[in-house]
Amino acid sequence: MNATVTAPPVPTPPTANVSDRLRRRASRHIKERVIEALLFGAALVSVFTTAAIVYILVKESWIFFEAVPLSRFLFDTQWTPLFDDAHYGIMVLLSGTITSSAVALLVAIPLGTIIAIYLSEFAPFKVREIAKPFLELLGDVPTIVYGYFALVFLTPLLQKIYPDLPGFNLLSAGLVMGVMIIPYVASLSEDAMRAVPMALREGSYAMGATRLQTALRVVMPAAASGIGAAYILGISRAVGETMIVAVAAGMQPSLNFNPAEPGATITSYIVQVALGDLPHGSIGYQTIFAAGLTLMLMTLLFNLLGLWLRKRYREVY
Amino acid sequence: MMKTQDIQAIRALITKSRRWDIFFGVLGILALMLCVLTFMTLFVDMAIRGLGRIDAAFFTSFPSRHPEQAGILSAWVGSALVMLVTGLAAVPLGVAAGVYLEEYAPKHWLTDLIEINITNLAAVPSIVYGLLALGLFVYLFGFGQSILSAGLTLALLILPVVIVATREAIRSIPLMIREGSYACGATTWQTVSDHILPYSSAGILTGVIIGMARAIGETAPIITIGALTFIAFLPNAPFTGVPPAGLFDWLFAPFTVMPIQMFNWTSRPEAAFLINAAAAGLVLVLMTLAMNGTAIWLRYRLRKNITW
């Protein structure tokens, strides 16, 4: 694109105009600075995105909190923003989020850790080469497809074991969500374990430890900060997961922690309102920004925790 | 001299440890198999239900109230157009940001801030991006519930993926390439455009494909900005309207995308629509699998072929 600049500099005889060469140098310099500024601008987009997220969520929630005091938002035990007798107790949505996330994490964290240990310490090279890309594929299946699977396949299957299970429930949504999160937990934990130097393992093996003993007592403690970060990413995924719960959990807000009941989470409530026809600016509509702000604060909290974990427990070799 | 009992005790201990070791090896395989099995079940179940619906008419029909006549024409066209906007926005921005952070950025607080920011953005739930887009693109900028809003939203969503992939690809280029270029008198940008970008292009492409595969399956942010679920017409083909303003008509058209079409069919009470949902899901999964497969293959080729 810039043939004049990229061409090798023509050797100028000493008698040639020196100022001409200098001018070319100067224009080259300006071009460099312009390009650098452009690239810097692109890098700043990510900062602007974060700033814009905070700005939009706070600005739009403000309209909501002007009408509904914070205490009612935090401590009310009902969530009925679309009824005439409106209640705005975020606890109700939080209970759904916590229940479905807990079910998901009960699946994802043990299985993810086992797979990570297996791939990092036990599996032959060939198995790992095939399993890792496959896990990535699993993590990239669109979540709406997982939601469909929970509703159409898993719930009827669970109903055969437990006939009282309603057609929409947090249990099957949570279980499928767990399977969706396994790849993230497994892949990141495995990376952390693989980063542990071989010398530590060799020391352990030299003392006569088995692979399992080495994995549990040497590798895992040494990789603790990375594994912790993987768990936290898993938690963020579970809390922020939307379509699986929106499809399979029924979007009925209720304050209880029973996974065998239908329920609404923060995320599925946002979908429910977005699908409806409430006008922008009405209190009912602004609730989704308040709910989104709550969600954002939760994930921010987990992120900071992860950052602190990494700083605090990182082993440097 | 050791007593026989001690030796026996040690042997018992060793046998026990070995047994646990083998047990865990089997447990690991079983856990992995559970993942494989879940995916296989999902895929086969969807194929059994939906394969019968997939024919040429399914791709060339609009959604309809009659499940057996409904198709995904407006959905796949919408997905393609949204992906076009996403790619046009995310690739230049992401690559530029990655290049800046690797080749230009001085080590100070602002660079650190940008880096922490990118890590954090990767963990923000996608629905929050939807709320951002709703406030920013739809209402503040007035883009409406259009292809442009959706494309830009997904571009912001996959930006961290593209940036991280670019940085990793650039970081794997050995320092001597840069030193050689600088030694010949090249400027930083000449080094980047003539050496760094060509050598890292395959790695960047891998990241871009993975990002796009993620974007094409995203449902939540697009529902949040208010994409319609029932669209029985097509937007203008890109860049075909009356110039100059007409060229960009397609950007502001209402639209639907594949995952939303599937969500719509999944949430209908009639069982016949579930078959359509399975068919749409099958197409969607095959699309993401094909994209991810390409990316994995590219990465594999890359690792094999490059020797510095």
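The structure is a predicted model, in which local features need pLDDT of at least 70, side-chain atom pairs count only at pLDDT 80 or more, and totals for chains, interfaces and linings use all residues. Residues are numbered from 1 along each chain as its sequence is written, while chains are lettered from A and ligands numbered from 1 in the order in which they are written.

Six residues of domain 1 of chain B contact six residues of domain 2 of chain B (contact: C-beta atoms, placed from the backbone, within 7 Å). On the domain 1 side, four of these residues are nonpolar, one is polar and one is charged. Here Ala, Val, Leu, Ile, Met, Phe, Trp, Tyr, Cys and Pro count as nonpolar, Asp, Glu, Lys and Arg as charged, and the others, Gly among them, as polar.

Chain B has a mean pLDDT of 86, with 92% of its residues at 70 or more; pLDDT is the predictor's confidence in each residue, from 0 to 100. Within chain B, confidence is lowest in helix α2 (residues 56-60), at a mean of 80, and highest in α6(B), at 92. Helices (H or I, at least four residues) are DSSP runs, numbered from the N terminus. The complex receives an ipTM of 0.87 and a pTM of 0.86 from the predictor.

Between the chains, 71 residues of chain A contact 71 residues of chain B. Helix α2 (residues 18-67) of chain A contributes the most to the side of chain A that touches chain B, with 19 residues. That side of chain A comprises 48 nonpolar, 16 polar and seven charged residues.

One helix pair spans the two chains. The axes of helix α9 (residues 211-222) of chain A and helix α1 (residues 4-50) of chain B come within 7 Å and cross at roughly 80°. Axes are lines fitted to C-alpha atoms, for helices over the stretch in contact, and angles run from 0 to 180 degrees between N-to-C directions. α9(A) and α1(B) are therefore roughly perpendicular (65 to 115 degrees; under 35 is roughly parallel, over 145 roughly antiparallel and the rest oblique). Arg211(A), Leu212(A) and Gln213(A) of α9(A) meet Ser17(B), Trp20(B), Asp21(B) and Phe24(B) of α1(B). Three residues of this contact are nonpolar, two polar and two charged.

Two further pairs lie within chain B. The axes of helix α5 (residues 126-140) and helix α6 (residues 147-171) of chain B come within 10 Å and cross at roughly 135°. This makes α5(B) oblique to α6(B). Ser126(B), Tyr129(B), Gly130(B), Ala133(B), Phe137(B) and Val138(B) of α5(B) meet Ser149(B), Leu152(B), Thr153(B), Leu156(B) and Leu157(B) of α6(B). Seven residues of this contact are nonpolar, four are polar and none is charged.

Helix α7 (residues 175-183) and helix α8 (residues 188-217) of chain B pack at about 160°, with axes 10 Å apart. α7(B) and α8(B) are therefore roughly antiparallel. α7(B) passes α8(B) in a right-handed crossing. Ile177(B), Arg178(B), Ser181(B) and Tyr182(B) of α7(B) meet Thr191(B), His195(B) and Tyr199(B) of α8(B). This contact holds three nonpolar residues, three polar and one charged.

Note on methods: Two residues are in contact if their C-beta atoms, placed from the backbone, lie within 7 Å. A crossing is left-handed if the near helix is turned anticlockwise from the far one by less than a right angle, and right-handed if clockwise.
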